[in-house]
Amino acid sequence: MSNMKWNTLDSVEELEQLKQKSHQQPIIIFKHSTRCPISHMALSWFERSWNGEEMGAAEPWYLDLIQYRPVSSQVAAEFGVQHESPQLLLIEQGRCTYHRSHSNISYKELKKKLDQE
């Protein structure tokens with residue numbers, strides 16, 4: 001069972017707020033396709049690995065890219081990252097500093113990246 005508490009990203013305006021917020025704390029965006037079994041698997045692995053204490057101030061945001069396609073497109077445009085699904089992005093200081101997709105999504109790798117900061 002996961003102790004993951006997602007925030008839901010569902011508007012372009014909220015994305016802009018997250019970009020600004022990323023100057024104070026790391027923002028994690030998980031782009032998820034509710035129609036894709038690979039996306040379900042990656043999300044499940046990530047959630048099972050999640051430990052809020054060791055992730056510190058990093059704030060996790062969930063984006064249902066089927067329901068909020070325009071927001072997903074804006075994420076790709078805003079951060080210069082090709083759209084993929086599933087996809088994990090780390091936003092710091094207003095820019096994407098790390099991203100992975102499909103089976104390359106790794107909680108441990110993300111944790112290492114955050115620990116380097």
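Four salt bridges are present in the structure, a salt bridge being a side-chain nitrogen of Lys or Arg within 4 Å of a carboxyl oxygen of Asp or Glu. This is a predicted model, in which local features need pLDDT of at least 70 and side-chain atom pairs count only at pLDDT 80 or more, while totals for chains, interfaces and linings use all residues. Residues are numbered from 1 along each chain as its sequence is written, and side-chain values use heavy atoms, with hydrogens and water left out.

Select Lys19 and Glu78: their side chains form a salt bridge, 2.4 Å from N to O. This pair connects distant parts of the chain, with Lys19 in helix H1 (residues 12–21) and Glu78 in helix H4 (residues 69–79), 59 residues apart. Helices here are DSSP runs of H or I with at least four residues, numbered from the N terminus. Glu78 is partly exposed at 27% relative accessibility; on this scale buried means under 20% relative accessible area, exposed over 50%, and partly exposed in between (1.4 Å probe, protein chains only).

Next, select Arg100 and Glu109, a salt bridge whose closest N and O atoms are 2.9 Å apart. Arg100 is partly exposed, with a relative accessible area of 31%, and Glu109 is partly exposed at 32%.

Finally, select helix H5 (residues 107–116), which holds both Lys111 and Asp115, four residues apart, or about one turn of the helix. These two form a salt bridge with the closest N and O atoms 2.6 Å apart. Is Lys111 buried or exposed? Lys111 is buried, at a relative accessible area of 17%.

Key:
Helix = DSSP H or I, 4+ residues; strand = E, 2+ residues; numbered from the N terminus.
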